Amino acid sequence: MLSLFNPSGKEIKSIFQRLTFSWWENKIIDLTLLVIWVLSLWVALLLITHEKFCYLSFLMLLMLLDIYINRNKADDNVTLKDLNQNMIVIDKFVRHDVEKLILKTYQQAINYHQDFRLLLFKTLINEPIIFRSLVKMDIKPSEVIATISREQKTKVEINKTELQNYINELLVNAFLETLDIRQNQVSKSALFLALLDDQKGGIMNVIINRFSINHNDIANALVLLSIPVPNVDHLTAGVGDFFKLRMKYGYKFKIDRAFLSRPTKYLDKVSIDLTSLARRMQIGFLIGHDREFDQMMNILLRPGLNNVMLIGEPGSGKETMVMYLAMKIVFDEVPGALFDKRLIMLNIGEITQGAQNVGELQTRLSKIVKEIIEAGNIILYIPNIYNLKQTNIENTGINAADFLKQIFQSSLVPIIGSTTLMEYHTIIEKDAEFCNMFEKVKMEEISEDEAIKILSYEALALEKQSRVVITYKAIKRAVTLAKRYITDKLLPSSASDLLKEAISYVKTNGRDLVTEDDIVLLIENKTNVPISKVTKNESKNLLDLENIIHKQLIDQEEAVISVASAIREYRAGLAKSKGPIATFLFVGPTGVGKTELSKILADTYFGSQDKMIRFDMSEFQDDDSINRFIGSGDGKISGLLTEAVKHNPFSLILLDEFEKANSKILNLFLAVFDEGRLTDNVGRLIDFNNTIIICTSNALSNYIQEELEKGTNYSQLSENIKDKLTTVYRPELLNRFSKILVFKPLLAEHILQIAKLQINKLKVQLLKEQGIYLEITDEAVSQLANMGFDKIFGARPLEGVIREKVKAQLSEAILKGELVKNGKAIIDFKNNEFIMAVISDVTNVKINQK
């Protein structure tokens with residue numbers, strides 16, 4: 001193919017002789033050619049009146065019409081023979097309209113002392129296909145042109161020889177661009193791409209960078225805009241108008257030689273002939289999956305057992321790849337062993353439907369087996385092959401798979417089966433004999449680049465159907481964001497659904513253009529993940545995050561600073577590309593704020609404490625607990641962690657008492673902390689890249705208390721703790737935490753501040769939910785703090801004290817009807833007890849709510 005051409009070792013040059021001619025000389029040449037054509041037309045029209053010269057006149061008119069129609073085309077097309085030459089002179093491959101444009105621009109640059117590159121760039125932008133390609137990139141051509149016009153006011157000195165050499169060099173580069181975009185003549189599109197890739201610098205490169213005009217993106221857009229627009233229905237089968245392109249570039253249509261084989265009357269009723277669909281140009285387009293396709297072909301062609309089991313999630317391309325094989329068979333693009341084969345897709349439901357007993361099912365399957373073997377030219381495709389194992393009749397334990405073992409075990413009929421990972425593990429793998437009849441091929445998700453190509457092609461069909469323009473940036477953004485945030489579907493399906501949703505969204509809002517901002521907005525609404533650029537309000541909150549957290553958390557300054565810094569790095573786009581947003585190990589005694597900080601962070605940044613996935617790791621200490629955590633291998637038990645993250649990819653994960661987890665579970669987090677992903681029980685990858693993981697540990701609490709009482713410097717203590725933690729955790733696990741943070745034991749004054757925070761929360765709750773005012777004296781708050789302080793348990797007892805001394809009295813008064821809406825409770829501490837006074841209605845009383 002032309003795109004595979006390697007220019008190394010070859011001399012490629014342009015000799016554009018008309019550049020050396022004067023303006024008058026070029027005009028004379030053009031005028032002469034026009035006069036010759038007009039005179040020829042006049043002669044042809046004169047001759048047509050003479051019967052003797054009628055046929056000659058007709059031929060002349062056809063020739064002149066052909067010259068007129070092809071007046072802008074090049075003299076010749078690029079062929080592989082041309083590319084095999086050691087020296088390639090490209091002038092005959094340059095379209096005449098390109099030559100005329102260059103000559104015109106060259107003369108303008110000379111006459112008006114203008115920058116040739118800017119002039120050419122401005123003119124090319126107005127070409128319809130280039131204009132549309134820029135719109136696809138969400139670039140406004142009018143703004144680019146306006147910027148160029150402002151820069152053109154500056155006069156430049158022109159050296160004719162240097163400019164001529166530059167133009168010839170530009171044409172050579174345009175020739176190489178022509179091969180890259182698989183064209184056979186140097187067009188204006190190729191010339192534009194050569195300009196974009198020009199490394200001469202200057203103001204034009206500044207303009208290109210200012211408007212983010214990307215060479216590769218424009219190249220893809222130009223290719224897509226030059227091919228026929230597909231139908232949406234065809235795209236669902238994975239083909240579109242791909243066959244029209246194959247015919248255009250020289251592929252010959254193949255006749256059906258398989259009709260000479262034995263008929264398969266019953267099989268035809270319960271199956272679909274994929275090779276027949278491919279011959280009718282309805283299926284057969286594949287992007288990506290080169291490795292899987294090669295694996296499948298190697299298995300089908302090998303001697304002996306040649307059955308393939310395609311294993312992958314829905315949307316992974318299993319059926320599309322089989323359809324591609326059907327197309328390859330139709331066009332004889334397969335090894336000789338597969339020539340003239342029929343690729344048949346079996347419909348299991350049609351076979352079993354209405355079967356009343358084992359005998360009837362056996363008769364049907366026997367017919368199929370007989371016809372397949374006698375035909376001798378069939379490759380059998382069984383989608384969702386696990387259904388064969390589920391066709392039990394009358395509780396006999398016999399299923400369709402047992403009947404078909406005759407052909408499964410024979411190398412005469414290649415079988416392609418497909419299944420999902422879950423069904424493979426839960427159904428197929430249990431039958432070792434059935435499983436061993438197939439060679440596995442695992443379908444991987446296509447790459448983002450491949451998904452962009454597919455979505456770009458699909459976008460053409462969606463635009464035609466919806467009359468909404470989809471920018472290329474929106475397509476790229478849909479793919480990258482779907483890959484990262486939509487984890488329950490694979491590419492390209494996840495990105496395709498996102499594009500369709502964006503089309504509905506813009507149409508609802510009275511617009512006809514889908515931009516990348518629309519894609520970002522939809523993803524943010526779906527996941528609550530902040531993706532768009534940081535707003536002024538968010539920026540202010542991020543910069544003040546420590547103070548916001550400290551409104552709810554007392555002390556633990558280092559931990560708060562570290563957590564806030566991690567969030568700022570993430571929103572500034574400076575977080576590492578792989579792995580969670582941050583992973584922290586909070587070490588310290590109980591009741592010092594480790595869990596509370598996690599709750600505050602979930603509420604402050606993730607939007608709600610519901611976004612916190614919390615596990616008490618003391619419940620996962622035995623060897624079997626790993627099955628509850630990530631799921632069992634047979635698929636019967638779903639993983640608590642993997643399912644939670646799968647459905648809430650943007651969340652905070654809190655793992656309490658991390659050191660108590662089973663060692664197998666701790667080992668799982670090596671990959672999670674490092675790569676940001678975990679393989680669940682059935683082989684699916686779960687993405688942790690949008691999570692913050694906080695592990696808490698009470699390990700070494702006594703040591704921390706003792707060292708602080710000795711007066712050990714806190715910074716030194718933190719370093720000592722990290723060294724001693726190697727006796728609790730493996731060093732390779734500790735090294736993967738973003739930061740290990742030591743929480744200090746709380747002092748009495750800290751508990752007093754915490755008590756005030758909790759009382760204020762209670763005041764707000766009462767007023768908001770029941771319209772009741774609450775006042776607690778300073779004496780009462782101090783006594784609550786004293787009673788709620790414990791050197792060992794920190795602030796943990798405080799909540800119980802408030803519940804017993806305050807909430808209990810409030811509850812009793814509310815239930816008795818003494819404390820109602822607009823009422824006020826005043827709690828004080830006198831004579832060693834908490835007393836409460838109630839004001840039934842304070843509507844007309846000035847309230848001083850403390």
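Which residues does Phe131 touch, not counting residues up to four places away in sequence? In this predicted model, the residues touched by Phe131 under that condition are Ile125 and Pro141. Phe131 is placed in helix H6, which covers residues 128-136. Phe131 has a relative accessibility of 34% and therefore counts as partly exposed, since the buried class is limited to values under 20% and the exposed class to values over 50%. Phe131 and Leu222 are 91 residues apart along the chain, and their C-alpha atoms are separated by 9.9 Å.

The chain as a whole contains 40 helices and 20 strands. Its radius of gyration is 37 Å, whereas the globule rule gives 29 Å for 850 residues; the value is well over that of the rule, so the chain is more spread out than a compact globule. Taken along the principal axes, the box filled by the C-alpha atoms is roughly 135 × 90 × 60 Å. Of the 850 residues in the chain, 49% are buried. Among contacts with a separation of 6 or more, 74% are between residues 24 or more positions apart.

Nonpolar side chains tend to be buried together in soluble globular proteins. In the present model, the largest nonpolar core has 144 residues, and the members that touch the most others are Phe116, Phe121, Ile167 and Phe175. The element that gives the most to this core is helix H8 (residues 160-180), with nine residues. For Phe175, the contacts that remain once neighbours within four places in sequence are left aside are Ile12, Val78, Leu83, Ile88, Ile90, Phe93 and Val186.

Helix H9 spans residues 188-196, and nine of its nine residues are buried, so this helix is largely enclosed by the rest of the structure. The buried residues of H9 include Lys188 and Ser189, as well as Ala190, Leu191 and Phe192. The elements against which the buried residues of H9 pack are all helices: H4 (96-112), H5 (116-125), H6, H8, H10 (202-210) and H11.

The structure holds two cavities of 30 Å³ or more. The volume of the second largest cavity is about 40 Å³. Its lining consists of Lys136, Ala221, Leu224, Leu225, Ser456, Leu460, Tyr472 and Ile475. By class, six of these lining residues are nonpolar, one is polar and one is charged. At least two lining residues each come from helix H11 (215-225), helix H24 (448-466) and H25. Helix H11 supplies the largest share, three residues.

Two or more residues of its lining are given by each of helix H25 (472-485), helix H30 (557-571) and strand S15 (685-687). The lining comprises 46 residues, and those nearest the centre of the pocket are Glu445, Lys483, Arg484, Thr487 and Asp687. Divided by class, the lining has 17 nonpolar, eleven polar and 18 charged residues. Helix H25 gives the most, with seven residues.

Ala575 is in the loop between H30 and strand S11 (582-587). The relative accessible area of Ala575 is 26%, and this residue is partly exposed. When residues up to four places away in sequence are not counted, Ala575 touches Glu569 and Tyr570. Ala575 and Val645 are 70 residues apart in sequence, with a C-alpha to C-alpha distance of 20 Å.

Leu774 lies in strand S18, which covers residues 773-776. In contrast to the partly exposed Ala575, Leu774 has a relative accessibility of 0% and so counts as buried. Leu774 and Val764 are ten residues apart in sequence, and 8.8 Å separates their C-alpha atoms in space.

Definitions and conventions:
Residues numbered from 1 in each chain as written. Predicted model: local features only at pLDDT ≥ 70, side-chain atom pairs only at ≥ 80, totals over all residues. Heavy atoms only, no water. 1 Å grid on protein atoms, 1.4 Å probe; cavity = no way out; pocket = protein on both sides within 12 Å on 5 of 7 lines; lining within 4 Å. Helix = DSSP H or I, 4+ residues; strand = E, 2+ residues; numbered from the N terminus. Nonpolar A, V, L, I, M, F, W, Y, C, P; charged D, E, K, R; others polar. Core = buried A, V, L, I, M, F, W, Y, C linked by side-chain atoms within 4.5 Å. Buried < 20%, exposed > 50% of the residue type's maximum accessible area, 1.4 Å probe, protein only. Contact = heavy atoms within 4.5 Å. Rg over C-alpha atoms; globule rule 2.2 N^0.38 Å. Points joined across faces, edges and corners; volume = space filled by probe spheres on them.
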